[in-house]
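Open the model in your viewer and keep the sequence panel beside it. The tour below goes stop by stop, saying what to select and what is there.

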Amino acid sequence: MPAESVDTPREGLAPAPRRRFPAQAASLLLRAALPERRHLWQGVLWLLAAAGLEALGPLAGKYLIDNYLLPRDADLPRIAGLLLGALFAGAVASWLRYLQLVRLAGVAMRSVQRLREQVYRHVLRLPMAFFDHAITGQLVSRVTNDTEAVKTLYVQVLFVILDSLILLAGAMIAMLWLDWRLMLIVAALVPAVTLIVVLYQRLSAPAVTRSRELRSELNAHVAESIAGMAVLQAANAAPRFRERFGSLNEGHYQSRLGELRANAWLLRPVLDFLNVGLLAVILWVFGQRASSGPLGALEVGIVYAFISYISRVIEPLIQITMQFSQLQQALIGASRVHALLAETEAPAARDQGRVSRGEIAIERLTFAYQPGRPVLHGIALRIPAGSFHGIVGHTGSGKTTLLSLLLRFYAAPGHVRIDGVPLEAIAEDSFRASVGMVPQEPFLLAASARENIAMGRPLTDAQVEAAARAAHAHGFIAALEQGYDTLLGEGGARLSVGQKQLLAIARALAGEPRILFLDEATAHIDSETEQLVQRTLARLHGRVTVVAIAHRLSTVRDADRIVVLNHGRVAELGTHAELMALEGGIYQRLYQLQQLEEEDEAQQ
Ligand SMILES: Nc1ncnc2c1ncn2[C@@H]1O[C@H](COP(=O)(O)OP(=O)(O)OP(=O)(O)O)[C@@H](O)[C@H]1O
């Protein structure tokens, strides 16, 4: 298989729409900073005051030259007063700048902290359908890297730009006061720089967007390789993965290079050139004035002040343009975060319905992941409270989909009722507290056995142990070197798949659910352990409604009723004995096939 090109579009998160970067970033930042308006205004006021004080420096210089140095007036007390005044203003400006920095940096850090929490909270509330197309690494990249880019926007970019703009305005006002015609010449810099910045944005935006996309692709690729390391190594796929990583990395390098080229060509060199040009023009104007009359004392003071102010105009402009590459990165990061926040959350159940007994009624349930391609057709089922129902059927017949709908992972309004209450009208807390689930792939945290069973619920040690005993997980947990406190490694790496499954059952039982859904909970355990699980399920009979998908038919042999799904339809329904009596039925065939397999295995 040839290595995938980095341009091959991959499924994943929606890209950020390119046209509205600045507006999206601004709304994101404003919302995040809103709770700290007061700090923000204070910081800006101090910044203004500091810039105002700093702008006084060249004016004091001009005053000193014009009134004391050129007329050779050695009025020492006044000169000392002037110098001390300028020094004092400088010191106050530095102090205000320090205060402003501490305050605004605090606002920035807290705003980004809030933003990151908001993004994570949002991700937790997204519907399961979102995760069907989300790629883990890309998502992680948005929650961590892109919010970090937004921090840069706050901490470095916006403050430097704001500071520079204030300095620029101060210098322009002072120049206006000194000589408005000369100020107009200097002011010509502003549209020139704006033009450069617009040009830079146009040239670099595609490269910056591409580099952020590729960076998140790199994250996704690494995350995927680590998650599937066993398969990757067994399939000798390492060279192909390395190749794809290399090509992603090269693409990332090239797009960063494109961005840096735009930066290197457009920003600093052009401004340096403008700086020299402007100085030449100003000196030429003064030269003209001097040649048309004697260079008066007043002119020397203005020359000094103007040359000082030109550097105060150029420097902020350079600072602003230098920030533009960072700003570009941050804006694109912000719009990627914005795109994620714009994903619609799962609708919260406003009603306060509760699960009481655990009776499930399904009526005319048809469901499609993609419009026009239904995977379930007109399902109708009544599952009495406390009963045990098995769901069986061929691969792809819709078993997990049915369970996902009953678990509210996807919406099927009006087709499912629990205890007579429409599924969507049951309050989220009541629903999740009353419904337990053991998924097909047991998911374990990199935490202790105890934490894995409790899953953040305030359970006592006795409750955790009781749940583990009920799930027959106590034996192997107690045998671990630190018992319930043993850390299980990432994804429960220290346990066998069957043990993980038992732990997942313990976790579901620890919540004392009214309804328990199991998705092939016995697929990975030996026959002896399977019998233990069967006994556990039998003990729940009458108290908990159990719906269990099983490939291994022995698990659901004792079920009150077995539902046989075929191509998304209920094909057969009855007890084990009833279904076995259906000559040529799907269940009968499946059962006989499994018995033959078991006999084969026993003979080997
Ligand atoms: N998230 C999804 N998006 C689109 N189609 C899906 C999705 N999940 C499942 N399907 C499709 O829906 C159909 C039913 O899948 P489902 O997982 O419910 O079957 P199943 O009976 O549980 O299979 P298995 O026994 O292999 O777990 C399949 O054709 C599958 O391709």
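**Stop 1: the annotated segments**

This is a predicted model. Start by colouring residues 40–59, 79–99, 153–176, 182–200 and 265–287, which an unreviewed UniProt entry annotates as "transmembrane region". Keep 79–99 selected: this stretch is 100% helix and 0% strand, and its end C-alpha atoms lie 30 Å apart. Then select 182–200, where the chain is 95% helix and 0% strand, with 28 Å between the end C-alpha atoms.

**Stop 2: helix α3**

Select residues 76–124, which make up helix α3. The helix has 49 residues, and from its first C-alpha to its last it reaches 71 Å, close to the 72 Å expected at 1.5 Å a residue. Which residues of α3 are buried? Show the side chains of Ala93, Leu96, Gln100, Arg103, Leu104, Val107, Ala108, Ser111, Val112, Leu115 and Val119, which are the buried ones. As you look along the helix, keep one rule in mind. An α-helix has 3.6 residues a turn, so residues three or four places apart point the same way.

**Stop 3: Ala51 in helix α2**

Go to residues 37–69, helix α2, and pick out Ala51. Is Ala51 buried or exposed? Ala51 has 25 other C-beta atoms within 10 Å, and a residue counts as buried at 20 or more, so Ala51 is buried. Ala51 and Ile166 are 115 residues apart along the chain, yet their C-alpha atoms are separated by 6.3 Å.

**Stop 4: around the ligand**

Select the ligand and then the residues that surround it: Asp132, Tyr369, Val375, Gly393, Thr395, Gly396, Ser397, Gly398, Lys399, Thr400 and Thr401. Colour this shell by residue type, and it divides into two nonpolar, seven polar and two charged residues. Which helix gives the largest share of the shell? That is helix α12, residues 399–406, with three residues.

**Stop 5: the sheet of four strands**

Next comes an open sheet whose four strands run in the order β2-β1-β4-β5, with antiparallel pairing. Its edge strands are β2 (374–383) and β5 (421–422), each of which pairs on one side only. Zoom in on strand β4, residues 416–418, which pairs with β5 over two bridges in the antiparallel sense. Here Ile418 stands opposite Val421 of β5.

**Stop 6: the sheet of six strands**

Move to the other open sheet, where six strands follow the order β6-β7-β8-β3-β9-β10 and the pairing is mixed. Select β6 (435–438) and β10 (569–574): these stand at the edges with a single partner strand each, so one side of each has no neighbour in the sheet. On average, neighbouring strands of this sheet are turned by 15° against each other, direction ignored.

Strand β7, residues 515–519, pairs with β6 in the parallel sense over four bridges, and Val435 has Ile515 as its bridge partner in β7. On the other pairing, five bridges join β7 to strand β8 (residues 545–549), again in parallel. There, the bridge partner of Leu518 is Ala548.

Why is β7 described as largely enclosed by the rest of the structure? Five of its five residues are buried, so the strand is largely enclosed. In a regular strand the side chains alternate between the two faces of the sheet. In β7, Ile515, Phe517 and Asp519 lie on one side and Leu516 and Leu518 on the other, and both faces are covered.

**Stop 7**

Finish with strand β9, residues 561–566, which is mostly covered: five of its six residues are buried. Select strand β3 (residues 388–393) as well; β3 and β9 pair in the parallel sense over five bridges. Ile391 has Val563 as its bridge partner in β9. With β10, β9 pairs in the antiparallel sense over five bridges, and Ile562 stands opposite Gly574 of β10. Last, look at the hairpin of β9 and β10, which has two residues between the strands. His567 in this hairpin takes a positive phi near 45°.

Technical notes
Residues are numbered from 1 along each chain as its sequence is written. This is a predicted model: local features need pLDDT of at least 70, side-chain atom pairs count only at pLDDT 80 or more; totals for chains, interfaces and linings use all residues. The expected span of a helix is 1.5 Å times one less than its number of residues. A residue is buried if 20 or more other C-beta atoms lie within 10 Å of its own, exposed if 12 or fewer, and partly exposed in between; C-beta atoms are placed from the backbone. A residue is near a molecule or strand if its C-beta atom, placed from the backbone, lies within 6 Å of it. Ala, Val, Leu, Ile, Met, Phe, Trp, Tyr, Cys and Pro count as nonpolar, Asp, Glu, Lys and Arg as charged, and the others, Gly among them, as polar. UniProt positions are given in the numbering used here, feature names are shortened, and annotations may be inferred rather than shown by experiment. Two strands pair if DSSP finds at least two bridges between them. Axes are lines fitted to C-alpha atoms, for helices over the stretch in contact, and angles run from 0 to 180 degrees between N-to-C directions.
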